[in-house]
Amino acid sequence: MRQEEQFTALYKQYAPGIRKLCLGYTGDAMLAEDLLQESFVKVWKNMEKFRGDAAWSTWIYRIAANTCLTHLRKKNEQFVDADEERLAMIPDDERNKEQEVQLLYKCISKLAETDRLIITLVLEDKPYEEIAEITGITENNLRVKIHRIKKQLSEIYNSYERL
Amino acid sequence: MKDFDAIKDLWQQSKPAEQKTVDLQAITRQSKDTRTKLFRQLLFGGITLFFTVVFITWMMYFSTMKLTWFVTHIAVWIINTTVLLQSALTLFTAYKVSLVDDTLPPAQHLQQWEDYYAFRKKQIQWNKPLYFLFLNLGMGLYFLEVVHGRPIGYIILLIAVYCGWMLYAYFILGKRILEKEEKRLKGIMDELKLIEEQLKAE
């Protein structure tokens, strides 16, 4: 398979998940799109380095995690609330769901940077072993972290929902 | 009260944004990646400085400009060497940026950036004063022949304008830029350290 074809196949397979990872990290759709593109530019540039020691998924998610973590935050960068116009076009029951999802993104963006990445991977149902490989954290440490982050996220989400 | 499983269900039910078709050339062109931007900036700076040396050499030896004093040749070579070394240093910095590996685990990736910014922070502290000193030494010697035989008023005006500009550029403008750059680098390094600590913490 030519490199370009392989890249296209990888993009089709992993871009939706990476987009959600970036969205969870930034809480901002536009910024998430930028980070997604940056991640895949790096995937393209580094493809020849891929030796198959890890799965493509792990390797691509690691690049995306690095891209998110080194994205320089501007101090005034705040979570952008869901686009009202877009929400207005969605039917009522779906709109409620969409609002809940937006609230979830908002809650995730309240966590520490590395916690955002870890919990997004957990929410995506990635096995702990793979999350450990992506983040470079030992599995034991990761379990402790995940337990803490789950509790923290539930608390933040519930506190917002009560408002 | 939602527990974590309900949150997970909500996340998994969320529709991913509409999948656009991939246009590799477009995403490469539009890349806002810090490393690419930094690399291009440094590469451009290094190449520009190199061509400055080529231009000065051409002007001195191949144009109609005729400066004959030995000291003027020394001056031009001091300037050329200074600019050439600055060009090499800028290209070396670009090379350092190019070595950052995006595929390493996050802690090692962050460490690479931290090392780079620490290098830059040290570099700007010694590099700028030395560059300024040697460049002005060369310019000072160069002016000896240029102003020779000119009216005293012209010489005083030229020296006043040149020194005034250089002192302003170094002590006011340069200092301000240096402080801003140091603050920016410190901010980035603090941020990287913070994320590194988050990775280490339980």
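This is a predicted model: local features need pLDDT of at least 70, side-chain atom pairs count only at pLDDT 80 or more; totals for chains, interfaces and linings use all residues.

Visitor: Where does I63(A) lie, and which residues is I63(A) in contact with, leaving aside its neighbours within four places in sequence?
Guide: I63(A) belongs to helix α3 of chain A. With neighbours within four places set aside, I63(A) is in contact with S39(A), K42(A) and V43(A) of its own chain, and with D102(B) and T103(B) of chain B. As for N46(A), 17 residues away along the chain, its C-alpha atom is separated from that of I63(A) by 9.6 Å.

Visitor: What makes A64(A) count as buried or exposed?
Guide: The same cut-off of 20 or more applies. A64(A) has 28 C-beta neighbours inside 10 Å, so A64(A) counts as buried. A64(A) is found in helix α3, which spans residues 56-69 of chain A. Not counting residues up to four places away in sequence, A64(A) touches I18(A), L21(A), C22(A) and S39(A). E98(A), by contrast, is 34 residues from A64(A) in sequence and 25 Å from A64(A) in space, C-alpha to C-alpha.

Visitor: How do the axes of α6(A) and α7(A) cross, and why is α6(A) described as roughly parallel or antiparallel to α7(A)?
Guide: Helix α6 of chain A covers residues 113-123 and helix α7 of chain A covers residues 128-135; their axes come within 10 Å and cross at roughly 150 degrees. Angles over 145 count as roughly antiparallel. The crossing angle of roughly 150 degrees therefore makes α6(A) roughly antiparallel to α7(A). The crossing of α6(A) past α7(A) is right-handed.

Visitor: Which residues of α6(A) and α7(A) meet, and how do they divide by class?
Guide: From α6(A) come L117(A), I118(A), L121(A) and V122(A); from α7(A) come I131(A), I134(A) and T135(A). By class, this contact of α6(A) with α7(A) has six nonpolar residues, one polar and no charged. Residues three or four places apart point the same way because an α-helix has 3.6 residues a turn.

Visitor: Which residues of α7(A) are buried, and what is found just after α7(A)?
Guide: The buried residues of α7(A) are I131(A), A132(A), E133(A), I134(A) and T135(A). Just after α7(A) comes G136(A), with a positive phi of about 75 degrees.

Visitor: What makes α5(B) roughly parallel or antiparallel to α6(B)?
Guide: The axes of α5(B) and α6(B) are 9 Å apart, and the two helices pack at an angle of about 175 degrees. With the cut-off for roughly antiparallel at over 145, this angle makes α5(B) roughly antiparallel to α6(B). The contact of α5(B) with α6(B) includes 20 nonpolar, two polar and seven charged residues.

Visitor: How many residues does each chain give to the contact between chain A and chain B?
Guide: Chain A gives 46 residues and chain B gives 35. On the side of chain B that touches chain A, the elements giving two or more residues are α1 (4-13), α2 (24-29), α5 (106-147) and α6 (152-200) of chain B. The most comes from α1(B), with six residues. That side of chain B has 18 nonpolar, 10 polar and seven charged residues.

Visitor: How many helices and strands are there in chain A and in chain B?
Guide: Chain A has eight helices and zero strands, and chain B has six helices and zero strands. Of the 163 residues in chain A, 39% are buried; of the 202 residues of chain B, 14% count as buried.

Visitor: What is the predictor's confidence in chain A, and where does pLDDT stay under 50?
Guide: The average pLDDT of chain A is 83, and 83% of the residues score at least 70. Over residues 74-88 of chain A, pLDDT stays under 50, and the model has 12 contacts beyond four places in sequence for those residues.

Note on methods:
Residues are numbered from 1 along each chain as its sequence is written. Chains are lettered from A and ligands numbered from 1 in the order in which they are written. Helices (H or I, at least four residues) and strands (E, at least two) are DSSP runs, numbered from the N terminus. A residue is buried if 20 or more other C-beta atoms lie within 10 Å of its own, exposed if 12 or fewer, and partly exposed in between; C-beta atoms are placed from the backbone. Two residues are in contact if their C-beta atoms, placed from the backbone, lie within 7 Å. Ala, Val, Leu, Ile, Met, Phe, Trp, Tyr, Cys and Pro count as nonpolar, Asp, Glu, Lys and Arg as charged, and the others, Gly among them, as polar. Axes are lines fitted to C-alpha atoms, for helices over the stretch in contact, and angles run from 0 to 180 degrees between N-to-C directions. Angles under 35 degrees count as roughly parallel, over 145 as roughly antiparallel, 65 to 115 as roughly perpendicular and the rest as oblique. A crossing is left-handed if the near helix is turned anticlockwise from the far one by less than a right angle, and right-handed if clockwise. pLDDT is the predictor's confidence in each residue, from 0 to 100.
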